[in-house]
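Welcome to this short tour. Open your viewer, show the chain as a cartoon, and follow the stops below.

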Amino acid sequence: APHYLSDYTDALSLQCLASFLFLYCACMSPVITFGEGRISAIESLFGASMTGIAYSLFAGQPLTILGSTGPVLVFEKILFKFCKEYGLSYLSLRVCIGLWTAFFCLLLVATDASSLVCYITRFTEEAFASLICIIFIYEALEKLIHLGETYPFNMHNDLNQLTQYS
């Protein structure tokens with residue numbers, strides 16, 4: 001409580017400007033890219049801004065940085081592919097998942113399940129981080145192979161007529 005006001009007043013110094021700009025770009029770039037055309041940038045920015053403001057006011061930590069993590073990005077990508085393959089509405093399914101997540105979060109808070117966090121070891125964290133890393137590497141290789149199939153190399157180039165190729 002004694003440092004709550006200083007969190008705001010310390011942020012008004014000129015030295016924090018570069019950090020603000022970097023964090024703004026880092027936090028807003030995933031917000032803009034989510035949805036692949038299903039959610040426009042304005043709605044995403046507005047939703048993220050309102051969430052950030054509400055969290056800052058009620059969490060008691062105004063300088064907490066909200067942003068998407070690796071597992072969230074992987075989940076969004078898999079969910080969007082799933083909806084595309086089965087002809088489901090992405091936004092409707094996303095709302096249902098959000099409501100279920102809120103329900104389970106309230107249930108975990110009501111039962112004081114946060115006391116079980118002490119059983120999460122460094123091995124558990126590293127295993128989960130490795131899984132996310134493998135998924136990102138797989139996705140990158142999959143895109144690279146797709147680009148190679150879409151735009152194959154021309155192996156029969158004549159260097160004398162290189163500028164005349166279309």
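**Stop 1: the whole protein**

You are looking at a predicted model, in which local features need pLDDT of at least 70, side-chain atom pairs count only at pLDDT 80 or more, and totals for chains, interfaces and linings use all residues. Residues are numbered from 1 along each chain as its sequence is written, and side-chain values use heavy atoms, leaving out hydrogens and water.

Back in the cartoon, you will find six helices and zero strands (DSSP runs numbered from the N terminus: helices are H or I, at least four residues; strands are E, at least two). Of the 166 residues, 13% are buried (under 20% relative accessible area; exposed is over 50%, partly exposed in between, with a 1.4 Å probe and protein chains only).

**Stop 2: a nonpolar patch**

Select Tyr4, Tyr8, Phe46, Met50, Ile53, Leu57 and Phe58, which make a nonpolar surface patch of about 760 Å². Helix 1 (4–9) and helix 3 (41–59) each give two or more residues to the patch, and helix 3 gives the most, with five.

Now pick Phe46 in helix 3. Is Phe46 buried or exposed? Phe46 counts as exposed, at 54% relative accessibility.

**Stop 3: a loop residue**

Finally, select Asp112, in the loop between helix 5 (90–110) and helix 6 (122–150). Asp112 is not a glycine, yet has a positive phi of about 55°. Asp112 is partly exposed, with a relative accessible area of 47%.

How values were computed
Patch = residues over 30% accessible without salt bridge, like charges linked within 9 Å, V, L, I, M, F, W, Y side chains within 5 Å. Areas by Shrake-Rupley, 256 points an atom, 1.4 Å probe, with all protein chains shown as cover. Salt bridge = Lys/Arg side-chain N within 4 Å of Asp/Glu carboxyl O.
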